[in-house]
Structure formats: C-alpha cells, structure tokens
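Biologist: Shall we walk through this chain together, one question at a time? I will ask, and you can show me how each answer is reached.

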Amino acid sequence: MENRVREYRERAGWSQGELARRLRVSRQTINAVETDKYDPSLPLALRMSGLFGLEVRELFIDDWQPEEEA
C-alpha cells in the first residue's frame, strides 16, 4: 500500500518527530509508514487522515481490485 504521509507532513511543515508527537507514536513508526515498511493500524490511519483533514483513501492508496468472476 502506498501512502502520501510524507507529502502532507512536509506541506504542514512538520518533522517526522513532530508528526509522531501529535499522533502519540514513535518517530520510527512515522519513518516506517513513510517508507512503506509498515502499514499502520486502522486507528492510526484514521488519526493520520483526521489530522490532515483527509479521507483515509486520500492518504493511503491501495491498488487492490477484486478478482473478476469467471
């Protein structure tokens, strides 16, 4: 799953540490999310999108498509 966390964090003028503080997670968690090494839990994804004033699907891009029936 791709995400736009870094883009919106930088638009807000926040460091990874500042975003982590606002979300009450570690800076390492923010780094892992931004580098696609960690998919956040649903509660964290909701907090992130709420902080940026976005829908979850605007912040996290999932290219999953259902399989077509044969």
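Modeller: Let us begin with a word we will need: contact, or touching, means that heavy atoms lie within 4.5 Å. The model is a predicted one, where local features need pLDDT of at least 70, side-chain atom pairs count only at pLDDT 80 or more, and totals for chains, interfaces and linings use all residues. Residues are numbered from 1 along each chain as its sequence is written, and side-chain values use heavy atoms, with hydrogens and water left out.

Biologist: Which residues does Asn 3 touch, not counting residues up to four places away in sequence?

Modeller: Asn 3 sits in strand E1, residues 2-3. Helices (H or I, at least four residues) and strands (E, at least two) are DSSP runs, numbered from the N terminus. With those sequence neighbours left out, Asn 3 touches Val 33, Glu 34, Asp 36, Leu 59, Phe 60 and Ile 61.

Biologist: Is Asn 3 buried or exposed?

Modeller: Buried means under 20% relative accessible area, exposed over 50%, and partly exposed in between, with a 1.4 Å probe and protein chains only. Asn 3 has 17% relative accessibility, so the residue counts as buried.

Biologist: With which side chain does the side chain of Asn 3 make a polar contact?

Modeller: A polar contact is a pair of N or O atoms within 3.5 Å; within protein, one must be able to donate a hydrogen and the other to accept it, and residues adjacent in sequence count only if both atoms are side-chain atoms. A polar atom of the Asn 3 side chain lies 3.0 Å from the backbone nitrogen of Val 5. The side-chain partner, at 3.1 Å, is Asp 36.

Biologist: What is phi of Asp 36 near?

Modeller: Asp 36 lies in the loop between H3 and H4, and at 44% relative accessibility this residue counts as partly exposed. Its phi is positive, in a residue other than glycine, and is near 60°.

Biologist: Is the ring pair of Tyr 8 and Phe 52 stacked, edge-to-face or tilted?

Modeller: Rings of Phe, Tyr and Trp (its six-membered ring) pair if their centres lie within 6.5 Å; planes under 30 degrees apart count as stacked, over 60 as edge-to-face and the rest as tilted. By this rule the count comes to two aromatic pairs. The rings of Tyr 8 and Phe 52 have centres 6.0 Å apart and planes at 45°, so this pair is tilted.

Biologist: How many residues apart are Tyr 8 and Phe 52?

Modeller: Tyr 8 is in helix H1 and Phe 52 in helix H4. Tyr 8 and Phe 52 join distant parts of the chain, being 44 residues apart.

Biologist: In what order do the elements of the chain run from the N terminus on?

Modeller: The chain has five helices and two strands. From the N terminus on, the order is β-α-α-α-α-α-β.
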